[in-house]
Amino acid sequence: MPTVLSGRALAVTATATALLATALTAHAATAETAATTATITDKVLVIGIDGTVLDRVKAANAPHLQGLMAQGLTAKSTLYANPMAATSSGPGWSTIATGVWPDKHGVKDNTFTGKNYTAHPDFLTRIENAKPSLNTYAAADWEPITSTDAGGPIFSAKVDKRLSLKGDRDGYGTEDPKIAAAASAELRDQNPDAAFVYFGQVDGAGHSYGAASQQYLDAIGRVDAMVGQLLTAVQNRPTYAQENWKILVTTDHGHTDAGGHGGSTIQERGTFVIAKGAGIPAGSVRTDVKLVDVAATALAQVGVDPGSAIDGIPLNAPDDNDPFDTLRPNLQGRVDETGIPAGVKGFTHTPPAGWAVDNSKMGTGGVTEWAGWAFATDEFWSQAQRDQWRELNVRSRDVFAVADSDEWDDKTHTGSYDSTLITPKWAVTGGTTKNLTFQTHYHHEAGQTAQVLVSYNGGTPTVVKSYTADAVARSESLALQVPAGATDVQIRFRYAGTNNWYWTVDNVKLG
């Protein structure tokens, strides 16, 4: 006889069948998701637009660039100036390509004298060295970027495919449309994993008509249309749905309103990074991004880690939680300084939580902004007095601490400059070694002192570092031997001097 199941048995069987079906469906969905995730390919496109001012991009008819800003990140930044390097294309594109500052890559101007690309190669070459199976591409109409002419190439012969047209020197970007067409075909129809594409005509308009001109805006509009070509080419790739693209747009230097660059004004030093891609919030704005971060971000996107070989930090890197940067909302405008534009908010004397400034030995009077350790931005501090190496403080980011006896002395005062910046007390274990790291920029002159002092368990501070010569834009690391029985440590940065120079400190960490 056939087996007859009860209603309850049928219900149990049906439930089991449904559960099994659900489990199988879920497993299939998980497997499909895993398969899809496994086939996603990370790619990066860097677009370089020579001599472009960010505020003019915002004012121009530039829907594609403005669209990238709305969909991703916009970050203003500032360059160095002489004697580190001129604000010109050779140093600018070398900094972008290599991810290191001119004091490392060696290019100070457009002669390329002193270049050291062997030790500090471009990011496409680093990709070729680390992952030769990846496809790299570079296209430009300024010869030094991709050609051996005129001191180049910035992007080496190891790059899989390079297109070099002669356009920028003979009319500034007259070959841009050809670059756009060729690069678009490459991006759409071939398989580049990392690409750099350069346009030159905005810089040409700046030289001929000035950054404040309508012709400059028109040039931005024309290049914007070419940027649109590149973006469309990427989106029209047959495999686009299985790819994760990061798009970065940047420039090598700024321009004055009347036209020109190479000097130390904030207009000539002005640069930017626009970025769109996974992990970058739409409409975000940052003040801690540097030009060296372009190469770092491109390398990270395709899984190449250069470690400490470059100065840049990937845009997606975790926030280092520098306490000085938390002060940005509290920054104020000038008080006594006259060279800083009135609208620039860039200094405060109020330290972050847990920190302190001891001005008990400070003289009275002097320039208000620099009466003891202050916290300032590059845009503010470097405009206090140009061409005295303040522009070389490139390794500080966003807000940093500064003691400036030179500027303080510019107003009547009594006594001398003597101020100490004090960290919170940090927990330590006796008998261990701790590493004190910070970024510093110190300009020395006889008669001033700059000391790093350490105290344990509230004891007498001891000098562990004295600066007796220039320490320009340096990353400092000091090994601290924690004595037995110590449970906390406190660091002091004491600067003393009158009408001498200055000292900056940033991103102080105990690791």
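This report walks through a predicted model, from its overall build to some of its helices and strands.

## Overall build

The protein has 14 helices and 22 strands. Its C-alpha atoms fill a box of roughly 110 × 70 × 40 Å, taken along the principal axes. There are 511 residues, and buried residues make up 53% of them.

How do the contacts relate to the sequence?

Helix α9 covers residues 201–209. Its buried residues are Q201, V202, D203, G204, A205 and G206.

What do these buried residues pack against? Two of the partners are strands: β1 (41–49) and β5 (194–199). The others are helices: α8 (176–189) and α10 (214–235). After α9 comes G210. The phi of G210 is positive, near 95°.

## Helices α8 and α10

The two helices that pack against α9 also pack against each other. The axes of α8 and α10 lie 8 Å apart, at an angle of about 10°. Angles under 35 degrees count as roughly parallel. Helices α8 and α10 are therefore roughly parallel to each other. The crossing of α8 past α10 is right-handed.

Which residues make the contact? From α8 come D176, P177, A180, A181, A183, S184, L187 and R188. From α10 come V223, M226, Q229, L230, A233 and V234. By class, the contact holds ten nonpolar, two polar and two charged residues. Here is a rule for reading such lists. An α-helix has 3.6 residues a turn, so residues three or four places apart point the same way.

## A185, a residue of α8

A185 is found in helix α8. Buried means under 20%, and exposed means over 50%.

A185 and D418 are 233 residues apart in sequence. In space, they are 62 Å apart, C-alpha to C-alpha.

## Helices α6 and α12

Another helix pair is α6 (residues 123–130) and α12 (residues 293–301). Their axes come within 9 Å. They cross at roughly 30°. The cut-off for roughly parallel is again under 35 degrees, and α6 and α12 are therefore roughly parallel to each other. The crossing of α6 past α12 is right-handed.

In α6, the contact residues are F123, R126 and I127. They meet A295, A298 and L299 in α12. This contact has five nonpolar residues and one charged residue, with no polar ones.

## A six-strand sheet

Now to the strands. Strands of a sheet pair through backbone hydrogen bonds, either parallel or antiparallel. Six strands form an open sheet, with antiparallel pairing. Their order is β9-β12-β13-β22-β17-β20.

Which strands stand at the edges? They are β9 (347–348) and β20 (471–481). Each has a single partner strand, so one side of each is left without a neighbour in the sheet.

Within the sheet, look at β12 (residues 374–377) and β13 (residues 399–404). They pair in the antiparallel sense over four bridges. F375 stands opposite A401 in β13.

Key:
Residues numbered from 1 in each chain as written. Predicted model: local features only at pLDDT ≥ 70, side-chain atom pairs only at ≥ 80, totals over all residues. Heavy atoms only, no water. Buried < 20%, exposed > 50% of the residue type's maximum accessible area, 1.4 Å probe, protein only. Contact = heavy atoms within 4.5 Å. Axes fitted to C-alpha atoms, helices over the stretch in contact; angles between N-to-C directions. Parallel < 35°, antiparallel > 145°, perpendicular 65-115°, else oblique. Left-handed = near helix turned anticlockwise from the far one by under 90°. Nonpolar A, V, L, I, M, F, W, Y, C, P; charged D, E, K, R; others polar. Pairing = 2+ DSSP bridges.
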